[in-house]
Amino acid sequence: MPIRTKKTERISIIGSTGSIGTQTLEVAEHLGLKVTALAAGTNITLLAKQIEKFSPQLVSVADEKTAKELENLLGSSKPQIMYGMDGLCAVAADTDADTVVTAVVGMMGLLPTMRAAEKGKTIALANKETLVAGGEFVKNAVKKSGSIILPVDSEHSAVFQCMQGGSENVRRIILTASGGAFYGKKRSELENVTADDALLHPTWKMGKKITVDCATLMNKGFEVIEAMHLFDMPISKVDVTIHRQSIVHSMIEYEDGAVIAQLGTPDMRTAIQYAMTYPQRMEGLNGRLDFTKLSALTFAEHDRENFPCLGYCIEAARMGGIMPATVNGANEVAVDAFLKGQISFAKIADIVAYVLENVENHSISCLEDVLEADANARAVAKSFIK
C-alpha cells in the first residue's frame, strides 16, 4: 500500500477541462491547494477561466494552433504555454507540483504518467488506460523513483480505503458496476440505440467516452485490469457485481468471509479529495448518505452474453503480452466511431472481438512495444470499420 506522511499542497492537472479535471479544481479550491500547471485539449474558453482563477505557471493545449488562440485570448498576462505531448509531459513533470492528477482520457495519459512517475511525483490516477496498457512499466517507474499512485476512480478508491485495515489475506476484490444506460437490454435491442441514449448514465455524470464504456461494460473490464495492477492481485481474485444504485463503490472479502465495503453518494469529489488528503480526512464537498431514504441496495451478476466487452478485457489480461494494450486501442477507435455515428452501439463489441482475433500476441519488453501495439490495434480496428 502507498505510504505518504502528509497531504497534497501543490497540484498539476492533466485534463483540467474534463469532468474529473473540473471537479479536481473544485476540490483544490476547497482545500486551498496551489495549482501549478494545467493541461487541456481545445476548450480554451474554459481553460482561460481556470487560468484566471488559479494562476498556474504552465499550461498545455492540444496543438500549436490552439496554443496561439489561447495566447491571443489571454493577452499580456499569461503563463508559459506549451502544446502536444511535450506539453502534457511538461505539466506532469516539470513544475513544482507534489501531486499530478492524470484525468485525461485514453492512451495519451500513458507517457505523461510515466514522466510523473520518473520524477517521483505522487500520482492521483484517474486515467484507466495508463495501467491497462502499460501497467508493468508504470509500476516499475514508480518503484524505481519512490513515486506513489493513489487511485481516483471511485471503485479503486473504495478498495484502497477498505484495505487501510490491512491488505493481507484478501480473498477477492469485488468491483461494483452500475450496468450503464442499457442494463437489462438484449443484443437485438442495442442495434438502434443512439449516442445520446448511451450517454444517459443512471447515476454518474462523466465524459462521453467513459460513459459509453460504462454502457458496454468495457469500463469495468478496464477497472478489473487496473485493480490487478494497483493491488497486486491475480485476475482470478477480481470480481464484478452489478449495483445499480452506485452507493456501494466496491468491496473486499477476506479469507474468513468478512466483507468490508465503502459506501457514499455517487460523487467523484469524495475519491478526488481522499487522493489529495490521504492519509488524512477532511470536510468534503459532497452530500451525506441518509440511510433512511435508501429504499434498497441490489446486486446482480453481469450479463456476459449481451455485454461481452468485460469478458474481452479479462481474457486480454489473462493472455498478457500486448493484448491489454490491443483491447484498449481497439475500443478507443470503436467508441470514437460510435460517437460520430459511423457504427452502431452493438458493433463496438464486434470490433474489439475482431481485433483480438486478428492480432498475434507477443511479449513486451519496452514502452515502445506498448505504443506500437496500440497503433497496430487502431489500424486493424479502422480496417474493420471501412
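Guide: Two residues are in contact when heavy atoms lie within 4.5 Å. The model here is predicted: local features need pLDDT of at least 70, side-chain atom pairs count only at pLDDT 80 or more, and totals for chains, interfaces and linings use all residues. Residues are numbered from 1 along each chain as its sequence is written, and side-chain values use heavy atoms, with hydrogens and water left out.

Visitor: Which residues does E223 touch?

Guide: Residues up to four places away in sequence are not counted. E223 then touches K128, D153, E155, H156 and L175. E223 lies in helix 11. Helices (H or I, at least four residues) and strands (E, at least two) are DSSP runs, numbered from the N terminus.

Visitor: Why is E223 called buried?

Guide: Buried means under 20% relative accessible area, exposed over 50%, and partly exposed in between (1.4 Å probe, protein chains only). E223 has 1% relative accessibility, so it counts as buried.

Visitor: What puts G221 in the buried class?

Guide: Its relative accessible area is 0%, so G221 is buried. G221 is also in helix 11, which spans residues 218–230. Beyond four places in sequence, G221 touches L310 and C313. A141 is 80 residues from G221 along the chain, and their C-alpha atoms are separated by 24 Å.

Visitor: What makes helix 10 largely enclosed?

Guide: Count its residues. Seven of the nine are buried, so helix 10 is largely enclosed by the rest of the structure. The buried ones are K209, T211, V212, D213, C214, A215 and T216. They pack against helix 6 (128–145), helix 9 (195–198), helix 11, helix 13, helix 14 and helix 15.

Visitor: What kind of peptide bond joins Y278 and P279?

Guide: A cis bond, with omega of about 10 degrees. P279 is in the loop between helix 12 and helix 13 (309–319).

Visitor: How many aromatic pairs are there?

Guide: Rings of Phe, Tyr and Trp (its six-membered ring) pair if their centres lie within 6.5 Å; planes under 30 degrees apart count as stacked, over 60 as edge-to-face and the rest as tilted. By this rule there are six aromatic pairs.

Visitor: What makes F182 and F345 an aromatic pair, and of which kind?

Guide: Their centres are 4.9 Å apart, and the planes stand at 80 degrees, which makes the pair edge-to-face. The partners are 163 residues apart, and the pair links distant parts of the chain. F182 is in the loop between strand 8 (170–177) and helix 8 (187–190). F345 is in the loop between helix 14 (323–339) and helix 15 (346–358). F182 has a relative accessible area of 3%, so it is buried. F345 also counts as buried, at 3%.

Visitor: Which residues do ring pairs link into a cluster?

Guide: F160, Y274 and Y278.

Visitor: Is S246 buried or exposed?

Guide: S246 is at 5% relative accessibility, so it counts as buried. It lies in the loop between strand 9 (238–242) and strand 10 (248–254). Its phi is positive, about 55 degrees, although S246 is not a glycine.

Visitor: How do you know that S246 and T203 make a polar contact?

Guide: A polar contact is a pair of N or O atoms within 3.5 Å; within protein, one must be able to donate a hydrogen and the other to accept it, and residues adjacent in sequence count only if both atoms are side-chain atoms. The side chains of S246 and T203 are joined by such a contact of 2.7 Å. Leaving aside neighbours within four places in sequence, S246 is in contact with S178, T203, W204, G264 and P266.

Visitor: Why is L263 called partly exposed?

Guide: Its relative accessibility is 31%, so L263 counts as partly exposed. L263 belongs to strand 11 (residues 259–263).
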